[in-house]
Every structure is written in C-alpha cells, then in structure tokens.
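Keep the structure open while you read.

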Amino acid sequence: WLYWMEDADPDRVLTLLDDLWIIHEAKGWYRAAIDITTQALGLIGDSQPDRELTIRAARARAMMAVRGYSEEVEAEFQRVLALSEATAAPSEMFPILRTLATYYMGRSDFATAQDYGRRLIELGESSKDSRIRLEGDFVYGVVTAFSGGVDEGMPYLDRAIQAFDPRAHQSSRYRMGPNTGVTAPIASGLILWQVGRLDDGIARVEHGLTVARTLGHPYSLAYALYHIGFLALLRGRYEEALGYSYPLCEVAKENDYVVWLTLGTVLEGVATSGMGDPQRGLEMTETGVNLYQGTVAPPVFWPLILAMRAQVHGMAGQLDRALELANESVGIASPEPTVNPDLRLVRGDILRMRGELSEARTAYEEVAEGSAQTGLDLVELQALTRLVELRPEAGESESVGQLDVVYKRFDQGLEEIDLVRARIALEAGQ
C-alpha cells in the first residue's frame with residue numbers, strides 16, 4: 001500500500017483498496033479502513049467522479065459507525081449527497097444507496113430511508129444480486145416497522161432472515177456496519193417483543209447473537225451484545241443485562257468503537273441502578289453519555305439513551321432532571337403518538353414519580369391509544385396496567401376492562417415481568 005501510494009499510481013491504489021477494504025471490514029478495523037480510504041481519496045482527487053463517490057460513500061458509513069454524528073461525519077455525508085446528485089449514473093449504485101439509507105435512518109428520517117430501501121430492492125431484483133436484495137429487505141422492513149407499519153414491514157425482515165447465507169453474505173467490497181444476518185433477527189425480535197410475541201422475540205434476538213458469534217465480526221458482535229442486553233433490561237433482568245454490558249465494552253474498547261462504548265456504559269449504568277445502586281448507576285450512565293459528544297444530528301438511538309438516562313435519574317431521586325430528559329427524548333423521537341410510544345411510557349412513569357398523577361394519566365392514555373393503533377400489544381398492556389394501578393389515586397376508570405381484553409391476547413411469556421404486573425393490577429382492580 002505504501003509503495004503504490006508513494007508511486008502515486010491511482011489505478012494500483014484503487015485496485016488494492018478494494019481488497020484491503022474487505023480485510024479491514026471483516027476484522028473490524030474500521031478506523032484503519034477510514035485511514036486508507038482517506039489516503040486514496042487524497043491521491044485521486046476529483047479525477048474519477050464515479051470512484052470518488054463510491055469510496056466516499058463507504059468512508060462515510062465507516063466514520064458514522066465509529067464516531068457517530070460528529071460535524072465531520074455530517075459534512076462527509078453532505079459531500080456524498082452532493083456528489084450523488086451531480087453524478088448522473090454512478091457505475092456502482094449499491095454502496096451509494098446503502099450509505100444514504102444509513103444516513104437517513106441515523107437522522108430518524110424514516111420516509112426517505114424507506115425510499116432508499118425500495119430502490120435497493122429494485123436494484124437487487126434487476127441485478128439478480130441476493131446480497132443487494134437482502135440489504136433492501138432489511139432497510140425497507142425495519143424503517144417501515146419502526147415507524148408504525150409493523151404488518152407491512154415484518155414480511156421483509158422475515159425474508160431477510162430466511163435469505164441470509166453466512167457463506168455468501170459476509171464482508172465484501174465496500175460493505176460496512178453490522179451484518180444483516182445479525183441485524184435482521186435482532187430488529188425483528190425487538191418488534192415481536194413489542195407486539196406481544198414475547199417468546200418469539202427473545203428467540204430471534206438470541207439467534208442474532210449466535211450469528212454474530214459465528215461470524216466472528218467485531219462490529220456485529222457489539223451490535224448484538226447491546227441489543228440482547230437492552231432486551232434483558234426490558235425484561236427486568238438487570239444482572240443479565242450487566243453480564244452483556246461487560247463484553248460489549250470490551251469489544252468496543254479493543255476496536256475503538258465510541259458509539260458502542262457509550263451504549264455499553266449506559267447499559268451498565270441502568271442495570272446497576274436497577275440492582276439497587278442508583279447513585280453508582282447514575283455516575284456510570286453519565287460517564288457513558290460523556291464519551292459521545294459533539295453531535296449535530298441525533299443518532300437514531302439517541303432518544304432511547306435519553307429515556308434510559310431519565311429512568312436512572314428517576315431511580316436516583318433526581319426527578320426534575322429525569323422529567324427534562326424524558327421530555328427531550330419524546331420531543332426528538334417524533335411528534336406522532338403512534339411512533340415510539342415506549343418513550344412516552346417512560347415520561348408517564350417520571351410524572352407519576354413526581355406525584356403529577358393527572359399528567360401521568362394523560363401520558364398513559366396517549367401511549368395506550370398510540371400503541372393500540374399500531375398493534376404494539378405489549379406497550380398497550382404496559383400503559384393500561386399503569387392506568388389500573390392509578391385507579392385508587394386518580395379516580396375511577398374503564399381501564400380494568402380494557403386491560404383484561406389486552407391481557408387475554410397473550411399466549412407467550414406469561415411469567416415475564418410485564419405480564420405478572422398486569423395480573424396483579426387486574427386482581428387488585430376487579
């Protein structure tokens with residue numbers, strides 16, 4: 001590499017970059033991939049617009065994967081956007097479309113990301129490339145499902161899971177980020193959890209972790225460890241969540257993944273708080289957040305981090321700060337009550353802790369209504385459970401009957417914490 005760089009031979013350098021990228025991506029050496037790509041761009045300048053666009057697109061994804069949304073990353077994506085608009089027919093559309101889909105997903109612009117998902121599916125079908133179609137199914141499925149279209153999005157995620165072949169769909173030229181064989185089952189598992197298929201959801205998330213370990217791909221492993229740890233938090237299994245946070249932080253430190261180190265430390269902080277040490281948990285949570293500063297556009301996971309911070313501040317008795325964070329989380333996520341109702345649930349819990357029962361009741365009612373519209377049975381059950389629990393404090397309601405109806409829809413995970421809590425609320429309210 002150094003020889004051909006010193007010889008200033010762009011054709012040799014670009015040929016070698018293609019192969020070096022595959023090696024660096026497979027090993028999780030994302031910072032080194034950024035370095036060699038930057039060197040190559042410095043050599044070719046704007047002499048080869050098509051190749052510049054392809055390489056910049058790959059570098060942009062690598063930069064976001066490692067650094068999150070810094071000003072430098074935002075500027076790189078804007079450069080890719082400008083180049084893609086100026087280049088009439090790029091010779092390599094896949095890395096460009098996938099990069100722009102990542103960009104808009106990261107900005108929580110799901111409508112635009114969904115459009116790029118469609119274009120990836122069309123490109124995969126026209127080129128008969130299963131790898132491109134797999135990515136298209138994942139992008140379209142996940143953004144559609146998480147923006148309220150669960151019934152429409154899930155079949156695409158199911159197809160991505162079924163089509164994944166670990167022998168054919170591993171590291172490849174200008175590929176970047178967690179492997180779709182890992183992201184598809186984990187994303188769909190979390191959706192299944194929210195719609196009330198609890199056992200199926202757990203099984204899919206666990207399957208995603210198994211695939212990540214089989215692939216031996218560090219970035220995919222970090223992705224899987226975080227999400228299975230987060231699911232453990234949702235299940236009230238704090239010690240289990242803590243057990244996933246340790247290897248996550250280790251992988252993140254070994255590979256200098258700032259984003260995953262942030263998430264791993266926050267995960268550790270929330271779990272520590274849940275296990276009875278809220279002050280220590282608060283310190284750890286804030287330490288994690290401080291690792292990730294200088295954002296200009298909130299990453300797609302940022303509202304969730306704010307909600308987790310709100311919970312930790314609440315457990316530590318800092319209720320004013322907890323409400324501030326919960327309000328910020330809801331404000332960033334979406335103005336629509338049907339999107340991210342789980343974040344609004346956290347806000348309701350903080351209001352209840354503050355003794356603002358009327359406001360908490362209104363928040364829970366909005367969550368119940370929004371989740372009912374999108375078929376998120378577990379979130380609806382959680383909101384109705386809290387409304388029933390509020391009956392002695394906030395007056396009579398019809399929530400007992402509604403909760404009973406929703407509870408009877410469940411035939412999985414009956415011993416999970418939310419189902420147990422719902423049964424206790426029903427017994428007390430009837």
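**Salt bridges and a helix contact**

R321 and E324 join their side chains in a salt bridge, with N to O at 2.6 Å. The model is predicted. The count of salt bridges comes to 28.

**A pair within one helix**

- Both R321 and E324 sit in helix α17 (residues 319–333).
- They are three residues apart, so about one helical turn separates them.
- R321 is partly exposed, because its relative accessibility of 28% lies between the cut-offs of 20% and 50%.
- E324 also counts as partly exposed, at 46% relative accessibility.

- E76 and R59 form a salt bridge through their side chains, at 2.9 Å from N to O.
- This pair links distant parts of the chain, 17 residues apart.
- E76 belongs to helix α5 (residues 71–86), while R59 belongs to helix α4 (residues 49–67).
- E76 has a relative accessible area of 7%, which is under 20%, so E76 is buried.
- R59 counts as buried too, at 10% relative accessibility.

**An exposed partner and a network**

- K408 and D404 meet in a salt bridge between their side chains, at 3.1 Å from N to O.
- K408 has 62% relative accessibility; that is over 50%, so K408 counts as exposed.
- Elsewhere, shared partners join several salt bridges into one network, made up of E52, R56, R59, E76 and R79.
- The buried residues E76 and R59 are both members of that network.

**Helix α6 against helix α8**

- Helix α6 covers residues 93–106 and helix α8 covers residues 130–146.
- Their axes come within 11 Å and cross at roughly 15°.
- Angles under 35 degrees count as roughly parallel, so α6 and α8 are roughly parallel to each other.
- The crossing of α6 past α8 is left-handed.
- On the α6 side, the contact residues are F94, R98, A101 and M105.
- On the α8 side, they are R131, I132, E135, F138, V139, V142 and V143.
- By class, this contact has eight nonpolar residues, three charged residues and no polar ones.

**Two points to check in the viewer**

- Which residues does the network of salt bridges join? The members are E52, R56, R59, E76 and R79.
- Is K408 buried or exposed? K408 is exposed, at 62% relative accessibility.

Key. Residues numbered from 1 in each chain as written. Predicted model: local features only at pLDDT ≥ 70, side-chain atom pairs only at ≥ 80, totals over all residues. Heavy atoms only, no water. Salt bridge = Lys/Arg side-chain N within 4 Å of Asp/Glu carboxyl O. Helix = DSSP H or I, 4+ residues; strand = E, 2+ residues; numbered from the N terminus. Buried < 20%, exposed > 50% of the residue type's maximum accessible area, 1.4 Å probe, protein only. Axes fitted to C-alpha atoms, helices over the stretch in contact; angles between N-to-C directions. Parallel < 35°, antiparallel > 145°, perpendicular 65-115°, else oblique. Left-handed = near helix turned anticlockwise from the far one by under 90°. Contact = heavy atoms within 4.5 Å. Nonpolar A, V, L, I, M, F, W, Y, C, P; charged D, E, K, R; others polar.
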